[in-house]
Structure formats: C-alpha cells, structure tokens
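Morning, everyone. Let's look at one model together. Please have the sequence and the structure open.

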Amino acid sequence: QTTLVLERSSSTWTVNGMPADGEKVDRLMSSLRYLSADDFVDPPESLGPIADSLRPPSAELTVTLGPGGASGKTHILCFGRPDKRDPSRVLLRRDTDPHLLWVIVSHFDVLNVNIKDLLSK
C-alpha cells in the first residue's frame, strides 16, 4: 500500500516532501473536491454484509482542511473494493458515519495515482 502525503504551502505542492507538479496535484484534488454520491446506503444495510468491502479498505485517505471556517479539521475517507455487480462503483465511508456512499470509481483518480506521476520533472 502506498502512502502519499500531499502538502500545499502558498502556491506550491509537495508529495512525500518532494516538489510536485502543481497542475497534476490540483487535478487530483479537484476530483476529491467534486466527488459526489451515486447512491446512499443507510443503516441497517450499511452496517451489515455490504460493509464487508470496507474491511480492510482498498484505500484510505486522510484529508485535513485548509483555510476557512473548518480549517484544520480532519476527515478519514475509507474506500472499499469495487462492487461485484457493478465494478464502476465503490463504497465510501467518511469517518465513522454509519451512512455509506456509492461513488463512481472513474471520477476519483486518487485510487489509481502513482507518486512518480505527481513529481515535478
């Protein structure tokens, strides 16, 4: 499992402490910013067998919010494995929320990011 630490200082990005290509990181962050739910799974279904694809998560993303009203607030996003019936979707849980979201995998590039692709050349 790969760990990526993306940090922004004024107008420059670093990935794992190395200079990053700002345009590529901005595109990656935009995919997160505009992530939307395709469908919702509420309790009790979200706490039953459907949640098994989140154990262990296929990816885990920790997001620390920047300047603004929620500055410094951290959220943990856990992504499951693609749905067996519809591999274009994956389950997402934010923090410990019992409500799950189905999201479209192709809308979320961070699940397939390669650190080499983000570094400045």
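Which residue in β8 does Val90 stand opposite? Val103. Keep in mind that this is a predicted model.

Now step back to the strands around that pair. β7 covers residues 89-94, and β8 covers residues 100-104. The two pair in the antiparallel sense, over four bridges. They belong to an open sheet of five strands. The order is β4-β8-β7-β6-β5, with antiparallel pairing. What stands at the edges? β4, residues 39-41, and β5, residues 59-64. Each has a single partner strand, so one side of each is left without a neighbour in the sheet. On average, neighbouring strands here are turned by 30° against each other, direction ignored.

Next, charges. Side chains of opposite charge can pair when their charged atoms come close. The count here is four salt bridges.

Start with Arg89. Its side chain meets that of Asp38 in a salt bridge, 3.4 Å from N to O. That pair links distant parts of the chain. Asp38 sits in the loop between α1 and β4, Arg89 sits in strand β7, and they are 51 residues apart. Arg89 also forms a salt bridge with Asp86, with the closest N and O atoms 3.7 Å apart.

Buried or exposed? Arg89 has 13% relative accessibility, so it counts as buried. Asp38, at 43%, counts as partly exposed. Asp86 is partly exposed too, at 30%.

One more pair. Asp52 and Arg55 meet through their side chains in a salt bridge, 2.9 Å from N to O. Asp52 counts as partly exposed, because its relative accessibility is 42%.

Key:
Residues numbered from 1 in each chain as written. Predicted model: local features only at pLDDT ≥ 70, side-chain atom pairs only at ≥ 80, totals over all residues. Heavy atoms only, no water. Pairing = 2+ DSSP bridges. Axes fitted to C-alpha atoms, helices over the stretch in contact; angles between N-to-C directions. Buried < 20%, exposed > 50% of the residue type's maximum accessible area, 1.4 Å probe, protein only.
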